[in-house]
Amino acid sequence: MSTDLMDDAALLSDLLDEIGAAVCVADPATLTFSYVSRAGERLLGHTAAAWRTPGFFMQRLHPDDKDVALVLWRDAAQGHERRGVHRLVHRDGRAVWVQTRVRPLSPGSALGPQVLGLMVDVTEKLRAEDVLKADELRLKVLLQQLPALLWTVDRDLRFTSCSGAGLAALGVQPGQLTGVSIYDYLHTTDPNHPPIKAHIGALAGESSAYDVDWGPFSYSCRVQPLRSEGEIIGAITCALDVTAQRRAESERDRLLRKTQDALQAGDDFISVASHEMQTPAAALQLAVQALLQAPPQAMTEPQQRLLRVAEQSVKRISAFADQLLDVTRMQAGRLTLHCADMDLAELMGEVGHRFAGLLARARCSYQLQAPAPVRGRWDRLRLDQVITNLLSNAVKYAAGKPVRVRVEKSDAVARLVVADEGMGIEPEHLPHLFGRFERAVSARHYGGLGLGLYIVQRIVEAHQGTVSVDSQPGAGATFMIELPLGGIPS
Amino acid sequence: MKKLKRKCVVLVVDDDHEIREVMDVVLGTAGFDVKLASEGGEALALLRSGLRPNVIVLDLMMPGMNGWQFRSEQIKDPQIAAIPVVVLSGDGNVADKATRLSATGILRKPVELATLVDTISQACAPS
């Protein structure tokens, strides 16, 4: 070989080595290779010398693809150009998918009839295609299963695709809408019609959502621009069938209204009942009090005692009716305060004085510590109620032990503390103590409606104040109320 | 209970029979001259037929003519408009509701006998 020819051959070999595809030349009769480019070495992990070994290629053909591959090479030997995809076996044992193109070499070769082959590794490409196909299949299955619709429109707002299980419910066949204008489908050209507005917006790059009812079905639609290489080529809409959800919401609203109506009816009844109870209570109280004013000689001492029992009892009935009315009013948020300047210490003294008889009967000593006036702008009658409820509880549960009350000023708050040394409250009852109808003890042993502390808390909170309790079982309970001194901040 | 020197006439307007009965007795015992009506219309008829009480004790919620309607009619009639009214109601919100009635006194049922008598006495003889 002349020097020029050797140079040309070396140049050609270098060029072929640069090609990504394995270039090879083989004897079609024996499939023995006389040449393979460097890519061939990379393709199967064998040297070019190994490729040239007789029988090498037959060994590297994947057993399942042998027939497919051999047909290609034999047809090429017959003068045809052939293409096909099959597997070869890499040196490390894994299958390599190759796209093969074979054709006969120009006749007249010194080596006799030869076939030129180009083999490209398409393993990754096929794997990616498999993944894509699997994804498409999953999406298709998903769309068939989900109560949803997915459609696309082009820039003229004509449907380009429409799929999803929701189609059947709407009586639309797959493909039926393709090419149909959204204006024609909706029978309107109004640009403010929500679906049309949303699609026009998507063509301008805006995503939006709208709800729509189609017959008995409700859909929640989300429209987004459909882009290809950065350009908006149309819009894509995902419409979820929310019919069941809407029905559930509607049913929930209906039940909520029904419950609220029932609660309101109950509250109305309590309100009317409370009012109705006050009228006979008034007649009874006036009658009893008038009798009690009779001259002492007109009645025996037991008769007078019985009348006093009747008077106290009617007052208790009336107080219960008031409590029920208060609670319904507070529950409905209708507690209005009538605030005026007042002295909490003085009020405490007044209520304490009213409790003298009850404290004596319960054999509880009473100690009031209120060294100075504590003035603020509060609702006197309501705070009277708060103190009355706290003192009633203290006397009820003190079980003959001392009841101590303290009224003081501290920073910007007025503080009122009512403490007893009675049975105390179990820790598990503390968190619920201020709830409606809550009680820490059995109603059978201790009377009352369980509303006192609820009312206390509501009134204190209406004054923007706080109420807290500290108690240990067997060691009494201490209730503390703090009210802002400046009255209620507006 | 001290008796009044001069008999004040009190017109009690209440639909509840027991209330009318007990008011008749206790106010009568306290020295008042008690007249009774079971609803606003009946009270108006008594007033228009010439009755001139010193004070009217008025319930609010009544069948027929209620307390608000009665008060409205009373104020429209110059012959009886000036007669003071003490509202006596079982309504828990009576203080708020009666403010609009320009009542001389507002009492909530049940009322202490002493408070009732004091309020009516003051209304009878305003200072």
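# Reading chains A and B

Q: How do you know whether the reach of helix α5 (residues 66-77) of chain A is close to or far from the expected value?
A: Take the expected span as 1.5 Å times one less than the number of residues. α5(A) has 12 residues, and 16 Å is expected. From first C-alpha to last, the helix reaches 17 Å. That is close to the expected value.

Q: Which residues of α5(A) are called buried?
A: The cut-off is 20 or more other C-beta atoms within 10 Å. In α5(A), the residues A:Ala69, A:Leu72, A:Trp73 and A:Ala76 are buried.

Q: Why are these residues placed on the same side of α5(A)?
A: Their arc around the axis is only 85°, which puts them on the same side of the helix. An α-helix has 3.6 residues a turn, so residues three or four places apart point the same way.

Q: Why does A:Asp64 count as exposed?
A: The cut-off for exposed is 12 or fewer C-beta neighbours. A:Asp64 has 10 inside 10 Å, so it counts as exposed. A:Asp64 lies in the loop between α4 (56-60) and α5 of chain A.

Q: How far apart are A:Asp64 and A:Leu88 in sequence and in space?
A: In sequence, A:Asp64 and A:Leu88 are 24 residues apart. In space, their C-alpha atoms are 9.8 Å apart.

Q: What is the order of the 5 strands in the open sheet of chain A, and is the pairing parallel or antiparallel?
A: The order is β2-β1-β5-β4-β3, with antiparallel pairing.

Q: What makes β2 (32-36) and β3 of chain A edge strands?
A: Each of β2(A) and β3(A) pairs on one side only. Neighbouring strands of this sheet are turned by 35° against each other on average, direction ignored.

Q: How do you know that strand β1 (residues 22-27) of chain A pairs with β2(A)?
A: Pairing needs at least two bridges. β1(A) and β2(A) are joined by 4 and run antiparallel. One example is A:Ala26, whose bridge partner in β2(A) is A:Phe33.

Q: How many bridges join strand β11 (residues 340-343) of chain A to β13(A)?
A: There are 4, and the two strands run antiparallel. With at least two required, they therefore pair. A:Ala340 has A:Trp378 as its bridge partner in β13(A).

Q: Which face of strand β13 (residues 375-378) of chain A is covered, and which is uncovered?
A: A:Gly376 and A:Trp378 form the covered face. A:Arg375 and A:Arg377 form the uncovered one.

Q: What pattern does chain B follow along the sequence?
A: The pattern is β-α-β-α-β-α-β-α-β-α. Chain B has 5 helices and 5 strands.

Q: What is the order of the 5 strands in the open sheet of chain B, and which way do they pair?
A: The order is β2-β1-β3-β4-β5, with parallel pairing. Its edge strands, β2 (33-37) and β5 (105-108), each pair on one side only.

Q: Why are the buried residues of α2(B) placed on the same side?
A: In helix α2 (residues 40-48) of chain B, the buried residues are B:Gly40, B:Ala43 and B:Leu47. Their arc around the axis is only 65°, which puts them on the same side of α2(B). Their cover includes β1, β2 and α3 (67-76) of chain B. The face turned away carries the exposed residues B:Ala45 and B:Arg48.

Q: How many residues of chain B are in contact with chain A?
A: Contact here means C-beta atoms within 7 Å. By that rule, 17 residues of chain B touch 18 residues of chain A. The largest share on the chain B side, 6 residues, comes from α1(B).

Q: What is the pLDDT over residues 443-447 of chain A?
A: Chain A averages 86, and 94% of its residues score at least 70. Over residues 443-447 of chain A, however, the pLDDT is below 50. Where pLDDT is low, the predicted coordinates should not be read in detail.

Conventions. Residues numbered from 1 in each chain as written. Chains lettered and ligands numbered in written order. Predicted model: local features only at pLDDT ≥ 70, side-chain atom pairs only at ≥ 80, totals over all residues. Arc of directions from axis to C-beta. pLDDT = per-residue confidence, 0-100. Contact = placed C-beta atoms within 7 Å. Axes fitted to C-alpha atoms, helices over the stretch in contact; angles between N-to-C directions.
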